[in-house]
Amino acid sequence: VDFEDNGDSKKQAEAFQKRPLHYENQFDLASGKYNLKAVFSSGGASFGKVEMPLEVGPYKPDQFAISSLALSREIHKAADLGASLDASLLEDKIPLIASGIQIVPSGVNEFKKTDVAVFYMEIYEPLLSNPDPKNPPGLAIEMRVLDRKTGGEALDTGLMRIDVSNQANPVIPLGERIPTDKLSPGSYTLELSALDTANNQFKRTADFELR
């Protein structure tokens, strides 16, 4: 990153250092268990490294399931992105878009109470591939937030019906707000359950911190 060589360059550099630098990339992986490593450097001999386990589950088109949960504190209207969204698609990057909103995944699952905390996921409902007109499938989700220290329930939205009446694609993108304004600072687990009228159920979890 270059800053203008004038009296404001120091202020520009200091302002830049106060903001987190967001880097995002996508790549294809076969199902399996991996160890993801990322190395970064600001120049010279110094560098940093972070790593984490990564598991890619097999995709079974005939099985009801939900994807992993991508937490975020940055959203945009997809219609306002224009050329930048087109450029991402040309680079074979698939943005996370649900109901016309792009959800940018966060590098750290940590929120402030003033943040707009949301999550993105995909529901895989094979019944939508060939629905029975006399008995169309119904779908609902339930969001619970659990206190990681006590295991107690901090929040439960109850069942929320998902409208799939005009949905022909068995892959349903979904984005929802996490009601952090109703929570006290602490360590939590977001638990998301999905179920349909054929008694299929699936559950995913993601940990997050609220400051």
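**Close-up views of a predicted model**

**View 1. Methionine 52 and a nonpolar surface patch.** Methionine 52 is part of strand S2 (residues 48-56); strands (E, at least two residues) are DSSP runs numbered from the N terminus. The model is predicted: local features need pLDDT of at least 70 and side-chain atom pairs pLDDT 80 or more, while totals for chains, interfaces and linings use all residues. Residues are numbered from 1 along each chain as its sequence is written, and side-chain values use heavy atoms, without hydrogens and water. With a relative accessible area of 47%, methionine 52 is partly exposed (buried is under 20%, exposed over 50%, partly exposed in between; 1.4 Å probe, protein chains only). Phe27, Leu29, Tyr34, Leu36 and Met52 together make a nonpolar surface patch with about 460 Å² of accessible area (residues over 30% relative accessible area and without a salt bridge, nonpolar side chains joined within 5 Å; Shrake-Rupley method, 1.4 Å probe; a salt bridge is a Lys or Arg side-chain nitrogen within 4 Å of an Asp or Glu carboxyl oxygen).

**View 2. An open sheet of five strands.** The order is S8-S14-S13-S10-S11, with mixed pairing (at least two DSSP bridges between two strands). Strands S8 (110-111) and S11 (153-162) are the edges, each pairing on one side only. S8 and strand S14 (residues 201-210) run parallel, joined by two bridges; phenylalanine 111 has leucine 210 in S14 as its bridge partner.

**View 3. Tyrosine 59 and tyrosine 124 as an aromatic pair.** The pair is edge-to-face, at 5.4 Å centre to centre and 65° between the planes (ring centres within 6.5 Å; planes under 30 degrees apart are stacked, over 60 edge-to-face, the rest tilted). Tyrosine 124 is buried, with a relative accessible area of 18%.

Key
Patch = residues over 30% accessible without salt bridge, like charges linked within 9 Å, V, L, I, M, F, W, Y side chains within 5 Å. Helix = DSSP H or I, 4+ residues; strand = E, 2+ residues; numbered from the N terminus. Phe/Tyr/Trp six-rings, centres within 6.5 Å; stacked < 30°, edge-to-face > 60°.
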